[in-house]
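Student: I would like to work through this protein carefully, one question at a time. Could we begin with a helix and its surroundings?

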Amino acid sequence: MKIFLDTALVEEIRELADLIDGVTTNPTLVARAGRPFVEVVREICGLVAGPVSVEVTALDAEGMVHEARELAKIADNVVIKIPMGKEGIRAVKKLEAEGIPTNVTLVFSPAQALWAAKAGASYVSPFVGRIDDRAGDGMELVSQILQIYENYGFETEVIVASVRHVRHVVEAALLGAHIATVPYAVAVKLFDHPLTDEGIKRFLSDWEKVPR
Ligand code: E4P
């Protein structure tokens with residue numbers, strides 16, 4: 001499973017750039033970065049070799065396509081994030097036909113994911129954390145999407161998004177999701193275990209006792 005970083009903070013991306021497989025951003029994350037949009041996207045795209053998802057803000061297909069064409073000029077690894085909906089799906093069809101990769105975002109149902117794949121989206125992003133926040137089952141949605149895609153041989157990759165904790169990442173991997181996009185705070189926890197720290201400490205202290 002590929003691991004993307006879900007952030008627009010260049011410091012976070014720089015720290016893990018050699019390990020991650022891509023980056024996802026959204027308007028909220030870009031606002032948090034507090035820097036001009038195009039400047040920050042250009043910098044992120046230069047830091048990572050993998051895909052960098054950048055979201056459009058227009059609500060009509062024509063406006064989305066126009067914005068996407070401009071964003072795609074920033075770097076070769078830009079992927080256009082398109083909000084789910086009728087207009088979004090129209091934009092996805094057009095952009096993918098032009099060779100501009102898309103990521104259908106704000107997906108909360110298997111039917112929405114079916115439309116994304118039918119339109120030829122490169123990626124689909126079910127938001128598991130926001131579903132769990134409302135006492136739903138985000139991972140059940142991921143499982144349904146993967147099943148539907150397998151049934152029809154769709155090549156759209158599933159990005160498990162709105163990840164809140166390490167368990168979401170592990171569950172995504174167990175289900176066979178293609179990608180999990182994780183906030184920095186979760187990404188660093190993926191490396192850790194208290195028993196690893198304890199084990200290293202004990203090995204080092206025992207090593208001191210080895211006659212030299
Ligand atoms: C995914 O691409 C989104 O940027 C992100 O995962 C949204 O997560 P949130 O629910 O924590 O805002």
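Student: Which residues of α4 are buried?
Tutor: In this predicted model, local features need pLDDT of at least 70, side-chain atom pairs count only at pLDDT 80 or more, and totals for chains, interfaces and linings use all residues. Residues are numbered from 1 along each chain as its sequence is written, and side-chain values use heavy atoms, with hydrogens and water left out. Buried means under 20% relative accessible area, exposed over 50% and partly exposed in between, with a 1.4 Å probe and protein chains only. By that cut-off, the buried residues of α4 are A61, G63, M64, V65, A68 and L71.

Student: Which elements do the buried residues of α4 pack against?
Tutor: Packing is judged here by contact, which means heavy atoms within 4.5 Å. Helices (H or I, at least four residues) and strands (E, at least two) are DSSP runs, numbered from the N terminus. On this basis, the partners of the buried α4 residues are α3 (37-47), β3 (52-55), β4 (78-83) and α5 (86-97).

Student: How many Å apart are the end C-alpha atoms of helix α4?
Tutor: The expected span of a helix is 1.5 Å times one less than its number of residues. Helix α4 covers residues 61-72, so its 12 residues should span 16 Å. The model agrees with this expectation, as the end C-alpha atoms of α4 lie apart by 16 Å.

Student: What is the count of aromatic pairs?
Tutor: Rings of Phe, Tyr and Trp (its six-membered ring) pair if their centres lie within 6.5 Å; planes under 30 degrees apart count as stacked, over 60 as edge-to-face and the rest as tilted. By this rule, the number of aromatic pairs is 4.

Student: What is the geometry of the aromatic pair formed by F4 and Y123?
Tutor: The centres of the F4 and Y123 rings are 6.5 Å apart, and their planes make an angle of 65°. F4 lies in strand β1 (residues 2-6) and Y123 in strand β6 (residues 123-126), so that the pair links distant parts of the chain, 119 residues apart. F4 is buried at a relative accessible area of 2%, and Y123 also counts as buried, at 11%. The geometry of the pair is edge-to-face.

Student: Is V170 buried, exposed or partly exposed, and what is its relative accessible area?
Tutor: V170 belongs to helix α9 (residues 166-175), and its C-alpha atom is separated by 33 Å from that of L71, 99 residues away along the chain. V170 is partly exposed, and its relative accessible area is 44%.
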